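Hi,

Here is the structure I promised to pass on. Have a look at it first, and then read my notes below.

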Amino acid sequence: MNELPPSVTLEELSEENLRPLLDAAVADADPFEVMAAVDGPPGWTPQRRHAFVEFHRGRALHPTRPSERTFVITVDGEAVGAARLEPRGNDLEAGIWIGRSHRGRGIGSIVTAQLRRLAAETGACRITATTTPGNIAARRLIGTGLRARVHVDGDAVTGVSDLT
């Protein structure tokens, strides 16, 4: 019996779905996969949880000047990760993280297609994404999902995809 593809949606980040996003990160991701480094012992300390929430409140949820659009990735109604589009001149930079237990199910391909569509709707000229050479899954999503030209420069792999 073939499994049906998951129902994947992108929900604009809000105060109402910020907590489920944090819960998904704590349950299914390492802090270093989903946020900037915070000093202290490993794991999801209270300081890291607070920093995660405040990071999103200061960027996507900023009341007067949000610096990016962040989306909660849901699968069959459950928060499993996040995606973002951040303006960079006439381009948009994309970023994605998906909880470990949800990887390898085609969710990233669905999300990158949705991000491409959303980026094109804004009138952006290009969508870009960056990862590390060892992140094979992200490299595949950048090249195939975003349909980007991939360039490796030292420790950075950057994809650029024209939207026009």
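Let's start with arginine 147, which counts as exposed because its relative accessibility is 57% (exposed means over 50% relative accessible area, buried under 20%, and partly exposed in between, with a 1.4 Å probe and protein chains only). You'll find arginine 147 in the loop between helix 5 (136–145) and strand 6 (149–153). The phi angle of arginine 147 is near 55°, which is positive although the residue is not a glycine.

Before going on, please keep in mind that this is a predicted model: local features need pLDDT of at least 70, side-chain atom pairs count only at pLDDT 80 or more, and totals for chains, interfaces and linings use all residues. Residues are numbered from 1 along each chain as its sequence is written, and side-chain values use heavy atoms, with hydrogens and water left out.

Aspartate 76 also has a positive phi, near 50°, and is a residue other than glycine. It sits in the loop between strand 2 (69–75) and strand 3 (78–88). With a relative accessibility of 56%, aspartate 76 counts as exposed.

Now to helix 4 (residues 107–121), where arginine 116 lies. Setting aside neighbours within four places in sequence, arginine 116 is in contact (heavy atoms within 4.5 Å) with several residues, among them Ile127, Arg147 and Leu163.

Threonine 112 is in helix 4 too, and it counts as buried because its relative accessibility is 2%. Its side chain reaches the backbone oxygen of serine 109 at 3.0 Å. Residues up to four places away in sequence aside, threonine 112 touches Ile96, Leu141, Gly145 and Leu146.

How many aromatic pairs does a search of the whole structure find? There is one. The ring centres of tryptophan 44 and phenylalanine 52 are 5.9 Å apart and the planes stand at 80°, so this pair is edge-to-face. (Rings of Phe, Tyr and Trp, the last by its six-membered ring, pair if their centres lie within 6.5 Å; planes under 30 degrees apart are stacked, over 60 edge-to-face, and the rest tilted.) Both partners are buried: tryptophan 44 has a relative accessible area of 14% and phenylalanine 52 has 1%.

As for the chain in general, it has five helices and seven strands, running β-α-α-α-β-β-β-α-β-α-β-β from the N terminus. Of its 164 residues, 43% count as buried.

Cheers

Definitions and conventions: Helices (H or I, at least four residues) and strands (E, at least two) are DSSP runs, numbered from the N terminus. A polar contact is a pair of N or O atoms within 3.5 Å; within protein, one must be able to donate a hydrogen and the other to accept it, and residues adjacent in sequence count only if both atoms are side-chain atoms.
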